[in-house]
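Thank you all for making the time this morning. I would like to walk you through one model, going from the whole chain down to single residues, and I will give the cut-offs as we come to them.

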Amino acid sequence: MLATTTPIRDAWRTLSVVSLASVLTGLSGSAINVALPEIARHTGAGATAASWILLGYQLTTTVLMVVFGRLADLFGRRRMYLLGLATYTLAALLAGLAPNAWVIVLMRVLQAMGGAMLLTNSAALISDAFPRERLGEGMGVYVASFSIAGLIGPTLGGVLAESLGWRWVFWFNVPVGLACLLLGLLVLPRPPRNERRGGLDGPGNVLVLTTLGGLLLALSEFTRLGWDHPVVLGGLAAFVAGLPLFLLRESRAAHPVVDLSLFRERAFEFGTLASFLNAVARMGMVFLVALYFQAVRGDEPVQAGLKVLPLAVAAMIGSVSSGFLQRLMSARTLAVAGAATTTCGLVVMLSVMSADMPYPAVAAGLVLIGLGSGAFLPSNTTAILDGLPSNRLGIVNAMRLMLQNTGNVVGTGLVLSIITAPLPAELHQSVFAGTLAQLSGGAVEQLVTGYRWAFSAMAAISVLTVLSCLARRKVS
């Protein structure tokens, strides 16, 4: 009896460490989103510095994922994960001590390095720990931890900034991070001593950073700076020039940072494509709905935030339930069902979109999107990672996350561009400040038209997600 219960007990211990650290990083991100005006006010940050407090973390995390995924396969996931926790916690401490906004940006970049080590290895650690028949349960709880952070983080950020000061928006990470680090040292299993396989592809790593970094920089900044700005043009030029060099290098490298042969496996190809498309389709949802209630209906930020909560609650329920549902159906089938449910939710939002749409209909659409996304993410991750040898889990999971995060950036930039397209350029600032409702009714109707266009595009992309999942089931 002991021999059968000990492995699953150890798996749940590993999951407890990973989930706690995921709640920590999720809380930190959502808390900073809310507290950013307070941080900018007290540090004298301009618009550029304030935006880079968020953007620097996002870009750094995404471009370093494949690098740390490869390093984890070489040097061990446990070691890389603990180093990530230590780096993340130290950077939070230093950010709280920062004398100005640009030092905060630098510390957020350092924190993003730690976050990339954590994200890259989280799902891989769970895949290593859980037996195949219970992997869906572990993935469901892991993904649900981000929903928990999404529920608590905004309120926590506001409370900390108002009652204790902006520095505590960073400092609250320190005791939690130290607790995670201690728990990880005690709980995470030590890997067997094996000979190191392969080596590092230095030129490939540099090309990943410049090529992907250039693309993400351009996609992140074009809504604020315009397509003709030198920063945006430079980012696109780095991507266009670097991509063929990267593909040529990786096809010839002895130990490539990205194993291009994986994309010859159709199941992996369709699975990662579905992950990318799902991220594009749903990423801007919370921001879009919260902005709608402020810019169209004139709600206060707290009121608008509360109205988006059904999505986070439903996503948490969907994530936790997905593991148990995988006992009744395969992960691939559940991914199809989750993507289809998300599509239905987006269609509901499109069908009721107006300047005075009833909140129960909005809540119904948000619940469908949350349930669908909550079920899709863990089941799709399980389908991609299940059955892989341990020495490939790190890089495969890193590639999945890289494409998913790229989808997040693409989706955010896409919806921001679409919703403001019907409006004159001079009203764009009023949209993002949430004050458009105070202007003429014609401007509000133009914004509602932009919302209809955005939800149409998101629903169409979500349909492509369903088709990608169906194609994977067929080739599998």
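This is a predicted model: local features need pLDDT of at least 70, side-chain atom pairs count only at pLDDT 80 or more; totals for chains, interfaces and linings use all residues.

Residues are numbered from 1 along each chain as its sequence is written, and side-chain values use heavy atoms, with hydrogens and water left out.

What does the secondary structure of the protein chain come to? It comes to 17 helices and 0 strands, where helices (H or I, at least four residues) and strands (E, at least two) are DSSP runs, numbered from the N terminus. Along the principal axes, the C-alpha atoms of the protein chain fill a box of roughly 70 × 50 × 45 Å. A compact globule of 476 residues would have a radius of gyration near 23 Å, and the 22 Å of the protein chain agrees with that; the radius is taken over C-alpha atoms, and the globule rule is 2.2 Å times the number of residues to the power 0.38.

The accessible surface comes to about 19800 Å², and 67% of it belongs to carbon and sulfur atoms; these areas come from the Shrake-Rupley method with a 1.4 Å probe, and for residues only the protein chains shown count as cover. Of the 476 residues, 54% count as buried, where buried means under 20% relative accessible area, exposed over 50%, and partly exposed in between (1.4 Å probe, protein chains only). If we take contacts between residues at least 6 apart in sequence, 83% of them join residues at least 24 apart, contact meaning heavy atoms within 4.5 Å.

Let me turn to the cores. In soluble globular proteins, nonpolar side chains tend to be buried together. A nonpolar core here is a set of buried Ala, Val, Leu, Ile, Met, Phe, Trp, Tyr and Cys residues joined through side-chain atoms within 4.5 Å. The largest such core has 64 residues, and those with the most contacts inside it are V66, Y81, L85, I126 and Y142. Its largest share, 10 residues, comes from helix α2 (residues 47-75). A second, separate core of 37 residues includes V289, M353, V448 and Y451. Which residues does Y142 touch, not counting those up to four places away in sequence? They are L15, V18, S19, S22, L119, S122, A123 and I126.

Next, helix α14, which covers residues 359-385 and holds I369. Its 27 residues should span 39 Å at 1.5 Å a residue, and its end C-alpha atoms, 39 Å apart, agree; the expected span is 1.5 Å times one less than the number of residues. Because 21 of those 27 residues are buried, α14 is largely enclosed by the rest of the structure. I369 itself is buried, with a relative accessible area of 2%, and, leaving aside neighbours within four places in sequence, I369 is in contact with M285, L311, T342, G345, L346 and M349.

N173, V174, G177, C180, L181 and G184 are buried in α7. Seen down the axis of α7, its buried residues fall within an arc of 125 degrees, so they line one face of the helix, the arc being that of the directions from the helix axis to the C-beta atoms. On the other side of α7, P175, L182 and L186 are exposed.

A few single residues remain. T14, in helix α1 (residues 2-43), counts as buried at 3% relative accessibility, and, apart from neighbours within four places in sequence, T14 is in contact with L125, A129, V187, L188 and P189. T333, in helix α13 (residues 331-352), is partly exposed, with a relative accessible area of 26%; T333 and N380 are 47 residues apart in sequence and 9.3 Å apart in space, C-alpha to C-alpha.
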